[in-house]
Amino acid sequence: MIPFLDLKKINLRHEEAILNGMKDVLHSGWYVLGQEVKKFETDFANFTENKYCLGVANGLDALELIIRGYDIGIGDEVIVPSNTYIASILAVSANGATPILVEPNILTYNIDPAKIEEKITSNTKAIMVVHLYGQACNMDPIRYLAQKYNLKIIEDCAQSHGAIYKGKMSGNLGDAAAFSFYPGKNLGALGDAGAITTNDEELYKKLFALRNYGSNKKYENLYKGYNSRLDELQAPILCEKLRYLNADNKYRRDIANYYLDNISNENVILPVVENGSESHVWHVFVVRVTDRERFMQFMNDKRIQTLIHYPIPPHKQEAYKEWENMSFPISEQIHSQVVSIPISPVLEMSDVVYITEAINDYR
Ligand SMILES: *Cc1c(COP(=O)(O)O)cnc(C)c1O
């Protein structure tokens, strides 16, 4: 079986460095918000070309903290894509604000900028963009709207580590950005981890306290804060893997280009890249088929593992049953047709060729 994603193989490339990093933490005697977290924050701020980075516990917390940091809450609205992983939307709800869903572009699967303006009201405080599947959103028209209506832009970069939009890094395309280092992401830890990047000094100072009980100084609390800190043991692992992120992303791009150039089957719709090849880091390679169950069975018979990102759109989830009568036909179509095929920094090119041939044989 060709696995969808071989995480063990990805991480064993770094076995020695990971073990040494963990040993350093053990011997430091300092296990929360120590030197390793600080070093990763510096490295990741540099990588994303931001002034500030804060390590937090996970990607959902990163999003939730940014919204809280901007005082967006009850009575406020945040524009979010209807076609996203549910965490983007949960972060808005967790703050008591109202998520306002906007349909995607069927070709790129990202939020359709042309459909945002009609959803802006006097209560709108921010637009959350999600660079879904690793492709940066079409930011210029979104920036224009944010400026026109004085809205914050919050980026969900959980799938877009290293994606570049018109020469600028994702994570530096809005007011603040949330990253996840969940093990399966392009930059993954050995457990949960996340980060916030921003150039906004005021936000940075507030979030610096908010992630740590609302405190800058031990036992003095400025805010009713959280406990959401990047684990010290994950930090050296992330520092090490960050050094290889660009090379890993380049390899993902080579695989994606092979698929795009060589998969040719009228029953299989390929993804579309906007704004140049650097804008996509291929967190997942997603195709669309009309008879998904049959396609997945066919691939399974060829001993190729496929997955669905994602089978149920957020507005059809039990968690949001208040939206059950809402209709987002483009999202619903996408959710019913998408299938992800293997792509990763450790997938052999011979497997990529085999997967391509298999898909071309599908009838
Ligand atoms: C993974 C993911 C998140 C959540 O990150 P966690 O670290 O798992 O909390 C948020 N948004 C998107 C788009 C994601 O893919």
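Predicted model: local features only at pLDDT ≥ 70, side-chain atom pairs only at ≥ 80, totals over all residues.
## The seven-stranded sheet

An open sheet is built from seven strands in the order β1-β9-β8-β5-β4-β2-β3, and their pairing is mixed. Its edges are formed by β1 (52-56) and β3 (98-102); each has a single partner strand, so one side of each is left without a neighbour in the sheet. From one strand to the next, the twist averages 20 degrees.

The partner of β1 is β9 (residues 194-198); these two strands run antiparallel and are joined by five bridges. Within this pairing, Gly55 stands opposite Ala195 in β9.

## Helices against the sheet

Two helices, α3 and α7, lie across β1, β8 and β9. Helix α3 (residues 35-47) runs at about 130 degrees to β1, whereas helix α7 (residues 201-210) runs at about 25 degrees to β1. Strand β8 covers residues 176-180.

Helix α5 (residues 87-94) has buried residues at Ala87, Ser88, Ile89, Ala91 and Val92. The elements that cover these buried residues include the helix α4 (59-69) and the strands β2 (77-81), β3, β4 (124-130) and β5 (152-156). Just after α5, Gly96 adopts a positive phi of about 80 degrees.

In the model, Lys185 is placed in the loop between β8 and β9. The residue has a relative accessible area of 15% and is therefore buried, the cut-off for that class being under 20%. Apart from neighbours within four places in sequence, Lys185 is in contact with Ala158, His161, Ser180 and His283.

## Two partly exposed positions

Asn275 belongs to the loop between α9 (245-262) and β12 (285-288). With a relative accessible area of 32%, Asn275 is partly exposed. When neighbours within four places in sequence are set aside, the contacts of Asn275 are Asn138, Tyr165 and Lys166. A separation of 144 residues in sequence lies between Asn275 and His131, and their C-alpha atoms are 13 Å apart in space.

Pro141 is located in helix α6 (residues 139-149). This proline is likewise partly exposed, at a relative accessible area of 30%. The C-alpha atoms of Pro141 and Lys302 are 43 Å apart, and the two residues are 161 positions from each other along the chain.

## Domain arrangement

The domain assignment divides the protein into domain 1 (8-102 + 109-238) and domain 2 (245-361). Their C-alpha centres lie 24 Å apart. Across the boundary, 34 residues of domain 1 are in contact with 35 residues of domain 2.

## Cysteines without disulfides

A disulfide is a covalent bond between the sulfur atoms of two cysteines. The structure holds zero disulfides, the criterion being a pair of cysteine sulfur atoms within 2.5 Å. Two cysteines illustrate the geometry behind this result.

For Cys157, the closest cysteine sulfur is that of Cys137, at 9.1 Å, which is too far for a bond. Cys157 counts as buried because its relative accessibility is 0%. For Cys239, the closest cysteine sulfur belongs to Cys53, and the 9.9 Å between the two sulfur atoms is again too far for a bond. Cys239 also counts as buried, since its relative accessibility is 9%.

Methods: Residues numbered from 1 in each chain as written. Heavy atoms only, no water. Buried < 20%, exposed > 50% of the residue type's maximum accessible area, 1.4 Å probe, protein only. Pairing = 2+ DSSP bridges. Helix = DSSP H or I, 4+ residues; strand = E, 2+ residues; numbered from the N terminus. Axes fitted to C-alpha atoms, helices over the stretch in contact; angles between N-to-C directions. Contact = heavy atoms within 4.5 Å. Domains from an automatic or database assignment.
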